[in-house]
Amino acid sequence: MTMNFYQHNAAQFFADTVAVDMASLYAPFIAMLAPGALVLDAGCGSGRDTKAFKEMGFHVEAFDASAEMVTLAAEHAGVPVQQMSFSELNATRRYDGIWCCASLLHVPAEELPGVMQRLAAALKSGGVWYVSFKYGDGERVKEGRHFTDLNELALGELVKMLPGIRLHSTWRTEDRRPGRDDRWLNALLCKA
């Protein structure tokens, strides 16, 4: 369902998201990274964030599940983008930072603990991990996409299941795209 949405709407999604100013969300994440750190943009969508991190001097790897989004993201960011899903990630202690901006929210709630364990395993000790979800509680389908919405309590419960991962901070923001009124839960997680 969600995959079909991105396969058929990739160009429009790219156009709607590629130019959104994310500087205020990048700031707390990059403040916790050393210069030249290796960052994974997991579920990279348009490649907007991949490109931004590359331009900041970080080494960036990226993936997305949609073949169409992979093509657009690689072209935009100027880096190879792998086509794969979260469940295919098999890295261990590879990344200094992991960026999951509006991507984990498409994972069904029952699969989220396992997916987050894979991401946690891919993060190096001392690493930082950004996640964002539409603010709420529960699962829903909207415009052909599945969403798992989280609030602070639900996110905290997920993080408790991840050995060595602690919740560093959470904050709420409004959607940065014109004409959108979604509220977002943002969080930084750290690995001991």
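## A loop residue and its surroundings

Ala102 is located in the loop between E4 and H5, where helices (H or I, at least four residues) and strands (E, at least two) are DSSP runs numbered from the N terminus. This is a predicted model, in which local features need pLDDT of at least 70 and side-chain atom pairs count only at pLDDT 80 or more, while totals for chains, interfaces and linings use all residues. Residues are numbered from 1 along each chain as its sequence is written, and side-chain values use heavy atoms, with hydrogens and water left out.

With a relative accessible area of 30%, Ala102 is partly exposed, a class that lies between buried (under 20% relative accessible area) and exposed (over 50%), using a 1.4 Å probe and protein chains only. Leaving aside residues up to four places away in sequence, Ala102 touches Ser132 and Trp184, contact meaning heavy atoms within 4.5 Å. Val131 is 29 residues apart from Ala102 along the chain, yet their C-alpha atoms are separated by 7.4 Å.

## The sheet

The chain has six helices and nine strands. Seven strands form an open sheet with mixed pairing, in the order E3-E2-E1-E4-E5-E9-E8, two strands being paired if DSSP finds at least two bridges between them. Strand E3 (81-83) and strand E8 (165-174) stand at the edges with a single partner strand each, so one side of each is left without a neighbour in the sheet. From one strand to the next, the twist averages 15 degrees.

Helix H3 lies across strand E1 (38-42), E2 and strand E4 (95-100), and runs at about 175 degrees to E2. Such angles run from 0 to 180 degrees between N-to-C directions, with axes fitted to C-alpha atoms, for helices over the stretch in contact. Within H3 (residues 48-55), the residues Arg48, Asp49, Thr50, Ala52 and Phe53 are buried, and H3 is followed by Gly57, whose phi is positive, near 100 degrees.

Helix H5 (residues 112-122) lies across E1, E4, strand E5 (123-134), E8 and strand E9 (183-191), running at about 145 degrees to E5.

## Cores and aromatic rings

Of the 192 residues of the chain, 51% count as buried. The largest nonpolar core has 35 residues, of which Phe86, Ile98, Cys100, Leu104, Leu119, Trp129 and Val131 touch the most other members; such a core is a set of buried Ala, Val, Leu, Ile, Met, Phe, Trp, Tyr and Cys residues joined through side-chain atoms within 4.5 Å. At least two residues of this core come from each of E1, E4, H5, E5, helix H6 (152-160) and E9, and H5 supplies the largest share, six residues. A second, separate core of 17 residues includes Val20, Met22, Phe53 and Cys101.

Phe53 also belongs to a cluster in which ring pairs link Tyr26, Phe29, Phe53, Trp99, Tyr130 and Trp171. The structure holds eight aromatic pairs, where rings of Phe, Tyr and Trp (its six-membered ring) pair if their centres lie within 6.5 Å. Elsewhere, Arg140 lies over the face of Phe147, at 4.7 Å from the ring centre; this arrangement requires NZ of Lys or CZ of Arg within 6 Å of the ring centre and within 35 degrees of the ring normal.

Notes:
Phe/Tyr/Trp six-rings, centres within 6.5 Å; stacked < 30°, edge-to-face > 60°.
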